[in-house]
Amino acid sequence: MRVLITGSSRGIGKAIAEKFLREGHTVIGFDICPGMIDNDKFYHYNVDIRDKESFPEIEEVDILII
């Protein structure tokens, strides 16, 4: 599955991202801070979720965690 997680640089968001990665899923992280996860299946984007215009184009996701 493809999972999009906001706030993935630290705290609960990072822990959730790491859990999905351990299970073999592809994780896309959105955060205003730099990404702190080193994994081939993790794609980090520095964006402010309040500014939809700054979102990158990504393929469809199966799970969205805000």
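Alanine 17 touches Ile5, Val27, Ile37 and Phe42, leaving out residues up to four places away in sequence; contact means heavy atoms within 4.5 Å. The model is predicted: local features need pLDDT of at least 70, side-chain atom pairs count only at pLDDT 80 or more, and totals for chains, interfaces and linings use all residues. Residues are numbered from 1 along each chain as its sequence is written, and side-chain values use heavy atoms, with hydrogens and water left out.

**Fold and dimensions**

- The protein chain has one helix and four strands. Helices (H or I, at least four residues) and strands (E, at least two) are DSSP runs, numbered from the N terminus.
- Along the sequence, the pattern reads β-α-β-β-β.
- The protein chain has a radius of gyration of 11 Å, which agrees with the value near 11 Å for a compact globule of 66 residues. This radius is taken over C-alpha atoms, and the globule rule is 2.2 Å times the number of residues to the power 0.38.
- A box of roughly 30 × 25 × 20 Å, taken along the principal axes, holds the C-alpha atoms of the protein chain.
- Of the contacts with a separation of 6 or more, 42% join residues 24 or more positions apart.

**Core**

- The largest nonpolar core has eight residues: Val3, Ile5, Ala17, Phe20, Leu21, Val27, Ile37 and Phe42. Such a core is a set of buried Ala, Val, Leu, Ile, Met, Phe, Trp, Tyr and Cys residues joined through side-chain atoms within 4.5 Å.
- β1 and α1 each supply at least two residues of this core.
- The largest share, three residues, comes from α1.

**Surface and charge**

- Buried residues make up 32% of the 66 residues in the protein chain. Buried means under 20% relative accessible area, exposed over 50%, and partly exposed in between (1.4 Å probe, protein chains only).
- The protein chain exposes about 4,500 Å², and carbon and sulfur atoms supply 51% of it. Areas come from the Shrake-Rupley method with a 1.4 Å probe; for residues, only the protein chains shown count as cover.
- The protein chain has 8 positive and 12 negative charges, and their mean positions are 7 Å apart. Lys and Arg count as positive, Asp and Glu as negative; His and the chain ends are not counted. Each charge is placed at NZ of Lys, CZ of Arg, CG of Asp or CD of Glu.

**Serine 8**

- Serine 8 sits in the loop between β1 (2–6) and α1 (11–22).
- Serine 8 counts as buried because its relative accessibility is 0%.
- Beyond its neighbours within four places in sequence, serine 8 contacts Gly13, Lys14, Gly29, Phe30, Asp31, Ile37, Phe42 and His44.

**The loop between β2 and β3**

- Asparagine 39 lies in the loop between β2 (26–31) and β3 (42–46). Its relative accessible area is 32%, so asparagine 39 is partly exposed.
- Aspartate 40 and leucine 21, 19 residues apart along the chain, have C-alpha atoms separated by 9.4 Å.

- Tyrosine 45 belongs to strand β3. Tyrosine 45 counts as partly exposed because its relative accessibility is 29%.
- Apart from neighbours within four places in sequence, tyrosine 45 contacts Ile28, Gly29, Phe30, Asp31, Pro56 and Ile58.
- The C-alpha atoms of tyrosine 45 and lysine 14 are separated by 13 Å, and the two residues are 31 residues apart along the chain.
- Serine 54 is in the loop between β3 and β4 (63–65). At 28% relative accessibility, serine 54 is partly exposed.
- Serine 54 contacts Val47 and Asp48, again leaving aside neighbours within four places in sequence.
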